[in-house]
Amino acid sequence: MTAALTALDEGRTPERPVYREAVRTLLAVLAERAPGRSVEVRVPPYGAVQCVAGPRHTRGTPPNVVETDPATWLALATGRLGWAEAVTEGRVRTSGIRADISAHLPLLAGPTPDAR
């Protein structure tokens, strides 16, 4: 994970396996800390998880979806970017009334969004 964050901090794109592992690791942490199946968090092309307690989704397009790119996901999960800022800037797309996962972020301590 450190390698992916370092590359992003330096303005480089992490190597694909490094990026994939960092994204999937943080998605797994989210699913562990916010167990459930009412929200699907997607970070294409690397992964997706269902999380957050509530009505369970089993088929078709989930009613509550969060989707973002890998760099934004890593920034959100590590506290380098705030939820509201990411949504306002269009870096996170949400649908459904339960799609606000800000109460579960950040997953890991990192620089605060104001410290950049």
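User: Which residue follows H3, and what is its phi?

Analyst: Gly79 follows H3, and its phi is positive, near 80 degrees. The model is a predicted one, in which local features need pLDDT of at least 70 and side-chain atom pairs count only at pLDDT 80 or more, while totals for chains, interfaces and linings use all residues. Residues are numbered from 1 along each chain as its sequence is written, and side-chain values use heavy atoms, with hydrogens and water left out.

User: What makes H3 mostly covered?

Analyst: Seven of the eight residues of H3 are buried, namely Pro70, Thr72, Trp73, Leu74, Ala75, Leu76 and Ala77. Buried means under 20% relative accessible area, exposed over 50%, and partly exposed in between (1.4 Å probe, protein chains only). Helices are DSSP runs of H or I with at least four residues, and strands are runs of E with at least two, numbered from the N terminus. The cover over the buried residues of H3 includes H1, H2, E1, strand E3 (65–68), H4 and strand E4 (92–95).

User: Why is Ala71 called partly exposed?

Analyst: Ala71 lies in helix H3. Its relative accessible area is 25%, which falls between the limits of 20% and 50%, so Ala71 is classed as partly exposed. Contact means heavy atoms within 4.5 Å; apart from neighbours within four places in sequence, Ala71 is in contact with Leu8 and Tyr19. Ala71 and Pro14 stand 57 residues apart in sequence, with their C-alpha atoms 9.5 Å apart in space.

User: What reaches the backbone nitrogen of Ala71 at the start of H3?

Analyst: A side-chain oxygen of Asp69 comes to within 3.1 Å of that nitrogen.

User: How do you know that Ser38 is buried, and what does its side chain meet in a polar contact?

Analyst: The relative accessible area of Ser38 is 2%, which is under 20%, and Ser38 is therefore buried. The polar contact joins the side chains of Ser38 and Arg98 at 3.3 Å. A polar contact is a pair of N or O atoms within 3.5 Å; within protein, one must be able to donate a hydrogen and the other to accept it, and residues adjacent in sequence count only if both atoms are side-chain atoms. Ser38 sits in the loop between helix H2 (16–33) and strand E1 (39–43). Its contacts beyond four places in sequence include Cys51, Val52, Gly54 and Asn64.

User: Why does Val52 count as buried, and what is its phi?

Analyst: Val52 has 12% relative accessibility, under the limit of 20%, so Val52 counts as buried. Its phi is near 70 degrees, a positive value in a residue other than glycine. Val52 belongs to the loop between E2 and E3.

User: Which residues of the largest nonpolar core touch the most other members?

Analyst: Of its 30 residues, these are Leu30, Val41, Val66, Trp73, Leu74 and Ile101. H2 gives the most to this core, with six residues. Such a core is a set of buried Ala, Val, Leu, Ile, Met, Phe, Trp, Tyr and Cys residues joined through side-chain atoms within 4.5 Å. Residues touched by Trp73, beyond four places in sequence, include Val23, Leu30, Val41, Ile101 and Leu107.

User: How is the lining of the largest pocket made up?

Analyst: The lining has six nonpolar, one polar and four charged residues. Of the eleven lining residues, Asp9, Ala71, Ala75, Arg80 and Arg91 lie nearest the centre. H3 gives the most to this lining, with four residues. The volume of the pocket is about 170 Å³.

User: Why is Arg80 called buried?

Analyst: With a relative accessible area of 19%, Arg80 is under 20% and is therefore buried. Arg80 lies in the loop between H3 and H4. Its C-alpha atom is separated by 18 Å from that of Asp100, 20 residues apart along the chain.

How values were computed: 1 Å grid on protein atoms, 1.4 Å probe; cavity = no way out; pocket = protein on both sides within 12 Å on 5 of 7 lines; lining within 4 Å. Points joined across faces, edges and corners; volume = space filled by probe spheres on them. Nonpolar A, V, L, I, M, F, W, Y, C, P; charged D, E, K, R; others polar.
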